[in-house]
Amino acid sequence: MSITILGIESSCDDTSAAVITDGLLRSNVIASQKVHEQFGGVVPELASRAHQQNILPVVSEALRQAGVDKSELNAIAFTRGPGLLGSLLVGTSFAKGMAIGLGIPLVDVNHLHGHVLSHFIRETEEQEVPEFPYLCLLISGGNSQLILVKSPFEMEMLGSTIDDAAGEAFDKCAKVMGLPYPGGPQIDRLAAEGDPLAFRFAKPHILGFDYSFSGLKTSFLYTVRDNLKLDPDFIAKRKADLAASLQKTIIDILLDKLGKVLDEYDIKQVAIGGGVSANSGVRAAVEEFCRRRNLRAWIPKRAFTTDNAAMVAIAGYFKYQKGEYCRLDLPPYSRTTIS
Ligand code: KG4
């Protein structure tokens, strides 16, 4: 008998719903919230309100696009955390109400597991998926982690950031350049036209597999500040070179620790996930890195890099098959780790 799961994601500023049948994606609807752009970052209160406005139409549209009636659903999977509590409460309450109304199980998903398992979302029967164990570089606005994925349920964090995440480094440096939020995609676009060797920024010297991006951020800020004293038009004249050099430095930092893990662990497959894995430079560099080391690289489709419910539905599908359901009295959580 086939299994159809509705996934619901509301951890930050994207309201999303998706339908998956036996691992095959049937719909993935995302309503992004533009309201935050003018504030230079996500405003939690506004995010919760926008989720309330969006959630019903988004879920209805996901079911419509999938051609699925709600009576055909086997379970509702939802992001229980980590994320903004007010945002999570909207998706959690909606998922609970729907599961109770339909008399079907509720499955809670750790958002980070969703990113890591997004490579199992299949759009065709033939599409290949990773083999366990694989190493996942999870890079987003809030996380930079190296995760050993042993099964859909067993993940070990080998390294993590000790300060800022890679996405924060992109966003904060973009802000220094006066670019709108979120700065990551803007840096990506500008970097394509710049010289990655034009500027040298500080790289961290941290033992083990942990990351650090705060020194880079400061180094970038000082470079811009010092040059602006000499030429008030410095940013305008050199923005492509600044973006390209920043992006190259972030990639170098990411790949350095990735290489260190692979030197120690016998892993043949490497995946990337999270918002920063949409970055063109990161994608190309990881592909090239894996090609040189004879490893299989799993680069997600861009639609599955940022927050989406398809990854929640697939993670929920694994848990549903194992019979791991969520109690109705469990609240969302704002913080957690991968394991
Ligand atoms: O995973 P995500 O959507 O949200 C969470 O942090 O949970 O990641 C958002 C982050 C932001 O920092 C954004 O600037 C970054 O991903 N990002 C990018 C690109 N697209 C999104 N960074 C660099 N290049 C991109 N193309």
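Six bridges tie strand β6 (residues 134-139) to strand β7 (residues 144-149), and the two run antiparallel. Look across that pairing and you'll find Leu137 with Leu146 in β7 as its bridge partner. Keep in mind that this is a predicted model. Gln145 stands opposite Ser160 in β8. The β7 and β8 strands make a hairpin, with five residues between them.

Step back and the whole sheet comes into view: five strands, open, in the order β8-β7-β6-β9-β10, with mixed pairing. Its edges are β8 (155-160) and β10 (296-298), each of which pairs on one side only. On average, neighbouring strands here are turned by 20 degrees against each other, direction ignored.

## Helices on that sheet

Two helices are worth a look here. Helix α7 (residues 234-264) lies across β6, β7, β8 and β9 (269-273), and runs at about 160 degrees to β6. Helix α8 (residues 280-293) packs on the sheet too, touching β6, β9 and β10. The direction of α8 makes about 175 degrees with that of β9.

## The β1 to β5 sheet

Now for the sheet built from β1 to β5. It is an open sheet of five strands in the order β3-β2-β1-β4-β5, and the pairing is mixed. At its edges stand β3 and β5 (106-110), each with a single partner strand, so one side of each has no neighbour in the sheet. Neighbouring strands in this sheet are turned by 20 degrees against each other on average, again ignoring direction.

Strand β2 (residues 14-21) pairs with β3 in the antiparallel sense, over eight bridges. You can follow this pairing through Thr21, which stands opposite Leu24 in β3, and through Asp14, whose bridge partner in β3 is Ser32.

## Helices on the β1 to β5 sheet

What packs on the sheet from β2's point of view? Helix α1 (residues 44-66) does, touching β1 (4-9), β2 and β3. The direction of α1 makes about 25 degrees with that of β2. Helix α9 (residues 309-322) packs on the sheet as well, and its contacts take in β1, β2, β3, β4 (75-81) and β5. Compare directions and α9 makes about 130 degrees with β1.

Asp22 has a positive phi of about 50 degrees, although it is not a glycine. For context, most residues other than glycine have a negative phi, and most peptide bonds are trans.

There are also cis peptide bonds to check. One runs from Gly81 to Pro82, with omega near -5 degrees, and Pro82 sits in the loop between β4 and α2 (85-102). Another joins Phe132 and Pro133, with omega at about -5 degrees. That proline, Pro133, is found in the loop between α3 and β6.

## Salt bridges

How many salt bridges does the structure hold? The count is 24.

## The largest pocket

Finally, the largest pocket, which holds about 1,600 Å³ of space. It is lined by 49 residues, and those closest to its centre are Cys12, Asp13, Gly141, Asp171 and Tyr181. By type, the lining divides into 15 nonpolar, 22 polar and twelve charged residues.

Which elements supply at least two residues each to this lining? They are β3 (24-32), α3 (111-117), α4 (166-176) and α5 (183-191). Helix α4 gives the most, with six residues. So for β3, you have an edge strand of its sheet, with a single partner strand, that also supplies at least two residues of the pocket lining.

How values were computed. Residues are numbered from 1 along each chain as its sequence is written. This is a predicted model: local features need pLDDT of at least 70, side-chain atom pairs count only at pLDDT 80 or more; totals for chains, interfaces and linings use all residues. Side-chain values use heavy atoms; hydrogens and water are left out. On a 1 Å grid over the protein atoms alone, a cavity is a set of points where a 1.4 Å probe fits but cannot get out, and a pocket is an open set with protein on both sides within 12 Å along at least five of seven lines; lining residues have an atom within 4 Å of a point. Grid points are joined across faces, edges and corners, and a volume is the space filled by probe spheres set on the points. Helices (H or I, at least four residues) and strands (E, at least two) are DSSP runs, numbered from the N terminus. Ala, Val, Leu, Ile, Met, Phe, Trp, Tyr, Cys and Pro count as nonpolar, Asp, Glu, Lys and Arg as charged, and the others, Gly among them, as polar. Two strands pair if DSSP finds at least two bridges between them. Axes are lines fitted to C-alpha atoms, for helices over the stretch in contact, and angles run from 0 to 180 degrees between N-to-C directions. Contact means heavy atoms within 4.5 Å. A salt bridge is a side-chain nitrogen of Lys or Arg within 4 Å of a carboxyl oxygen of Asp or Glu.
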